[in-house]
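Hi everyone, thanks for making time.

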Amino acid sequence: MLGRGLTIGRLFGIRIEIDWSWLLIFILVVWNLSAVFGDIHPDWTATLRWGLALVAALLFFLSVVAHELAHALMAQAQDVPVRSITLFLFGGVSNIQREPPSPRAEFLITIVGPVTSIVIGLLVTVGGNLLAAPVDQSLFSQPTAMAAELSPLTTLLLWLGPINLILGVFNLIPGFPLDGGRLLRSTLWAVTDNLRQATRWASVVGQGVAWLMIFAGIGMVFGLQLPFFGTGLSGLWLVLIGWFLSTAAVQSYRQVVVQDILGGVPVSELMRRDPPTVAPDLSIATLVHDHLMNTDEHAFPVVEDGRLLGLITLEDVRKVGRDNWQSTLVRDVMTPAEQLSTLSPPEDADDALRTLQQRDVRQLPVLADGRLAGLLRRRDILRWLQLHGTENVPQTAR
């Protein structure tokens, strides 16, 4: 799971975020492009080279956003909620909240991303070639000399167009969870009518593709010459991408397994019924000595006359200095009920786990007719998954 980054805005109600790892690749792209532009146009000033490199990098990442936004908008059209789009070290990802409801929906959600990149690539490349048309025809046999004659705008377009074409085609590689892998899964899903089985097969293919990338990258480091990729230390990028793809393929399959097990299971089957509660006027000292120290609970619903007033956790207690334990009441430091996310007994356990993850909390109160019915903890879900034989439960379920 990606760490929380910087929110830079919203498009069509979808939050756009930048993961901190993105800054590294952005700097590397700008640095590399300034060198490339300098080699092609040795007469350009440093200001022009660096300025155009910065603009090119920004436009490229806007293209990545367009790619992911196409996924997100199609997902919303298929009634699949999308939380955000995040740019990170290896590109971008749409944080789609749940698996598509059908193979057709998955195919449509997936295919629009590469199509968007390819269309952008074709349009920009055509535009660049039209601008390059006045270049001296006699230079066609001398690519380097011809490139040196291009204007800054033409140079920008003839870099940005092909890179979008590469982005679109690369994503069609059948390495789950790349777009090509998801297209493969949608096909397998349609044939088998079994999402879990289709995901397992797509994940195996994805891991195979990932290890091919890793071995190819290692070979490049040791002198292997590969078409398009070349040779040398640039193979390290292929190794990193392969490693990331392999890890993502395994995690994606595990998430589907968790969803398959929890799907259709009501919260009422997993929650702790009649959990220990505390009164709002209880002192923190009493809470610590009579409740926290005598049980393994980390959170207690705060209840008065059967009505949930809030929730107090071990983290809340830690914010109170020990000298103030006796004078501080539970109501003073608890999280009020209106600020809590709550669940209902019939709610799907898979949706409940998603809420726990989004809120980044260990437990959530369960209410029935406005009264406390129980408490659902992450460890309750973990125990259920272990009971049903899942191995290597994803970290997000812990």
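What you're looking at is a predicted model, so local features need pLDDT of at least 70 and side-chain atom pairs count only at pLDDT 80 or more, while totals for chains, interfaces and linings use all residues. Residues are numbered from 1 along each chain as its sequence is written, and side-chain values use heavy atoms, with hydrogens and water left out.

Okay, the overall picture. We've got 14 helices and 10 strands in the protein. The C-alpha trace spans about 90 × 55 × 40 Å along its principal axes. And 45% of the 398 residues count as buried, meaning under 20% relative accessible area, with over 50% being exposed and anything in between partly exposed, using a 1.4 Å probe and protein chains only.

Now find helix α2, residues 46–77. Its 32 residues reach 46 Å from first C-alpha to last, close to the 46 Å expected at 1.5 Å a residue, where the expected span is 1.5 Å times one less than the number of residues. After α2 comes Asp79, with a positive phi near 65 degrees.

Helix α6, residues 179–192, also fits the rule: 14 residues should span 20 Å, and its end C-alpha atoms are 20 Å apart. Asp193 follows α6, and its phi is positive too, near 55 degrees. Buried residues in α6 include Leu183, Arg185, Leu188 and Trp189. So what do the buried residues of α6 pack against? That's α2, α3 (103–132), α7 (195–221) and α8, with contact meaning heavy atoms within 4.5 Å.

Over in α14, residues 378–387, the buried ones include Ile381, Leu382 and Trp384. Their cover includes α8 (235–262), α13 (349–359) and β10 (371–377).

Last stop: Phe300, in strand β6, residues 299–304. Is Phe300 buried or exposed? Buried, because its relative accessibility is 1%. Beyond its neighbours within four places in sequence, Phe300 touches residues including Pro276, Leu287, His291 and Ile312. Phe37, though, is 62 Å from Phe300, C-alpha to C-alpha.

How values were computed: Helices (H or I, at least four residues) and strands (E, at least two) are DSSP runs, numbered from the N terminus.
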